Amino acid sequence: MKKTVFEISKMDCPSEENLIRMKLDNLSRIKNLDFDIPNRTLTVFHTEESTKIESLLHELNLGARKLKTEITEQTKFDENSNQKRILSIVLLINFLFFLIEMTTGLISKSMGLVADSLDMLADSFVYALSLFAVGGSIIRKKRVARIAGYFQIIIALIGFVEVLRRFFRSEILPDFSIMIIVSVFALIANGICLFLLQKSKNKNDVHMKATMIFTSNDVIINLGVISAGLLVSWLNSNKPDLIVGTIVFVIVIQGAQRILKLGK
């Protein structure tokens with residue numbers, strides 16, 4: 001048995017972990033994957049050479065870099081019997097907040113909330129694909145990945161068009177109070193999801209859990225929308241909301257591109 005450690009510089013949250021798991025799930029030589037999200041490292045236990053593993057990781061454009069490969073005597077790994085239940089809960093939370101943020105974003109005329117809702121939807125797709133892959137064929141999983149990826153890109157491009165329209169037409173001031181309140185609840189929801197996913201791996205280090213939460217892109221996005229809401233109130237302008245919305249749309253498209261690569 002060999003143990004190869006990779007640095008994954010862009011692995012910020014469990015969504016990237018699930019993308020990696022799905023990318024590597026058809027390699028029979030892999031016996032176990034051990035993720036350390038706070039330190040952005042992945043340890044792969046495998047037989048034969050690591051060349052194919054390294055190649056597949058590079059295709060995801062997550063900044064994968066092999067650190068070392070060594071021989072290990074470890075052959076037994078802990079099985080997480082409740083992983084499917086945890087993924088189901090996280091999927092439900094993410095999809096619920098997609099609906100909440102999309103609805104309140106349209107009502108409050110906030111592009112930041114609309115864009116953040118799509119980020120939640122992106123996470124929902126990843127968790128759904130992870131569940132769908134259990135017992136399912138690789139071909140069927142890849143077909144769903146392509147549909148999900150293209151759907152996200154289309155919605156994000158529509159969002160870009162709306163942002164441009166609002167930039168050059170009469171100013172539509174979003175409801176900053178709705179932006180802030182909903183984003184605070186979304187922030188809490190993301191914290192719960194990250195806590196559950198970390199707990200499912202039996203890592204009881206509280207500091208590691210806190211680090212995982214505060215380094216997550218999802219949390220940063222939530223804070224960005226909250227900040228935009230405060231700036232909208234202070235400046236009496238919709239520009240902060242449009243800027244944050246644009247940034248999040250870019251993140252959503254990048255996530256969609258990674259999902260599309262699973263369909264290849």
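## Around Thr-72

Thr-72 touches Met-1, Lys-2, Lys-3 and Phe-45, leaving aside residues up to four places away in sequence. Touching, or contact, means heavy atoms within 4.5 Å. Thr-72 sits in the loop between strand E4 (64-71) and helix H3 (83-108). Helices (H or I, at least four residues) and strands (E, at least two) are DSSP runs, numbered from the N terminus.

Thr-72 counts as buried, at 15% relative accessibility. Buried means under 20% relative accessible area, exposed over 50%, and partly exposed in between (1.4 Å probe, protein chains only).

## About the model

This is a predicted model, where local features need pLDDT of at least 70 and side-chain atom pairs count only at pLDDT 80 or more, while totals for chains, interfaces and linings use all residues. Residues are numbered from 1 along each chain as its sequence is written, and side-chain values use heavy atoms, with hydrogens and water left out.

## Salt bridges

The structure holds seven salt bridges. Each is a side-chain nitrogen of Lys or Arg within 4 Å of a carboxyl oxygen of Asp or Glu.

Arg-65 and Glu-7 form one of them, at 3.0 Å from N to O. Arg-65 lies in strand E4 and Glu-7 in strand E1 (residues 2-8), so the pair ties together parts 58 residues apart in sequence. Arg-165 pairs with Glu-162, with the closest N and O atoms 2.8 Å apart. These two residues are three apart in helix H5 (residues 138-168), about one helical turn.

## A linked network

Lys-68 bridges to Glu-70, with the closest N and O atoms 3.9 Å apart. Lys-3, Lys-68 and Glu-70 are linked in a network of salt bridges. Lys-68 is partly exposed at 44%, and Glu-70 is partly exposed at 32%.
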